[in-house]
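Subject: Structure for your review

Dear colleague,

Please find the structure below, together with its sequence. I would be grateful if you would look through it before reading the notes that follow.

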Amino acid sequence: MKIKKTIKAYLRKRLNDKYYIQNLNIDIENEKQKKVLICYLDYTALHNLEHIMHPQIYEFSIMIKYFLSQNYCIDICPYNYEYQERIKDDYDIIIGLGATFRTAVQKNTLAKKILYLTENPPLIAEQLEKARVDYFYERKGKKIPLERSGVCFVESDLYIADYRICGSNKHLLNQPNTFFLYFIGLKNQNFSYDGKRKNKYNFLWFGGPAAIHKGLDICMDIFERHKEWNLYVAGITEKKLKTYGIHEGISNVHFLGFLDVNSKEYIDIVNETVFMILPSCSESYSTAVLTSMRHGLVPIVCQNNGFDEFEDLVFILKDYHIEYVEKEIIRILEDYSMEELEKRSKEIMEFADTNFSMGNYRKELYQILDLYVNVGGGNSLGVNDCV
């Protein structure tokens, strides 16, 4: 038994070690070549670029391309790399997040340290998630752990970094050398808007496994009261739902499982729905919302999720309790005609295609790194717009 455990540990270590990729773009003749560690995703994220499932992969590839354009020697390591002791101590730049970022910062005191913050500030995120967990317990009598808080970020990350690059919610993070940019929403290239198929009473919840964090329980309780509405739920499995004690069985709540944005099924769903509802407790631009906006859905989201600045396009929920959210949905349905919603839908789509594209993200990231962090000194290669 001891031998088996030793072999398993060895194999796991060897496999995990493969994810720490070193010396990309190395110039052996240049002893002064600068070195960067990108601690975000692992290299396997780039294996299937013809069928990208998450905008993070676009962000990752754009980061890599930036440092290639500046002739850096590039190392790549996942944010949660298991063998932290192997992280090197000769980097000029460290950009990323997670335990890997913290270890690299400790080992590279002279490096320029750039935190890539994809959530709200950690203490705020924890407080907001705890409130939702407590509300769930109050209603259902079931205790669940915090699922998002502390996984990628801790409060000290904000202070060990020299610079912070993050999404919106600017009012929640007021520190010098903090820069904000728009994240990327996916776009199905076969999508075309079909207003004739839209049903004002169809809603899409498009999230992930942290269902209480993202308010699925709140949506389900509300839609159970309103059988004249339909809620389509994508991105969470029945098995995961059961861990919360939530079971399928509400006739007007339809579970789709994993929904591929690049599929015909996704196009059918967004062309039959009007609203994307995500009463999440804490996000810094949910990419699910950005993706939905690029396909013409009208978001209904809670405040402090990155969309407060877009109140003319997005419906902002000021509270998360069921009675309030239910009244707001009823108000929206009563106050807005289908014609008004279609007009807003097209405005949202135009805005999102401009601001949440790969091209805009690349432009903003390069500008931050060049002009403010001064990594490339303003000498990046030309930035071309693309979807």
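A salt bridge is a side-chain nitrogen of Lys or Arg within 4 Å of a carboxyl oxygen of Asp or Glu. Side chains of opposite charge can pair when their charged atoms come close. Please bear in mind that this is a predicted model.

The structure contains 22 salt bridges. One of them joins the side chains of Arg148 and Glu119, with an N to O distance of 3.7 Å. Arg148 sits in the loop between helix H4 (122-140) and helix H5 (157-160), while Glu119 sits in the loop between strand E5 (112-117) and H4, so this pair ties together parts that are 29 residues apart in sequence. Glu119 is buried, its relative accessible area being 13%. Glu119 and Arg148 also belong to a network of salt bridges that includes Lys214 and Glu283.

A second example is the salt bridge between the side chains of Arg139 and Asp221, at 2.8 Å from N to O. Because Arg139 lies in helix H4 and Asp221 in helix H6 (residues 216-225), the pair ties together parts that are 82 residues apart in sequence. Arg139 is partly exposed, with a relative accessible area of 23%, whereas Asp221 is buried, with 16%.

Finally, Lys318 and Glu311 form a salt bridge in which the closest N and O atoms are 3.1 Å apart. Lys318 is partly exposed, at 47% relative accessible area, and Glu311 is likewise partly exposed, at 47% relative accessibility.

Yours sincerely,
A colleague

Methods: Residues numbered from 1 in each chain as written. Predicted model: local features only at pLDDT ≥ 70, side-chain atom pairs only at ≥ 80, totals over all residues. Heavy atoms only, no water. Helix = DSSP H or I, 4+ residues; strand = E, 2+ residues; numbered from the N terminus. Buried < 20%, exposed > 50% of the residue type's maximum accessible area, 1.4 Å probe, protein only.
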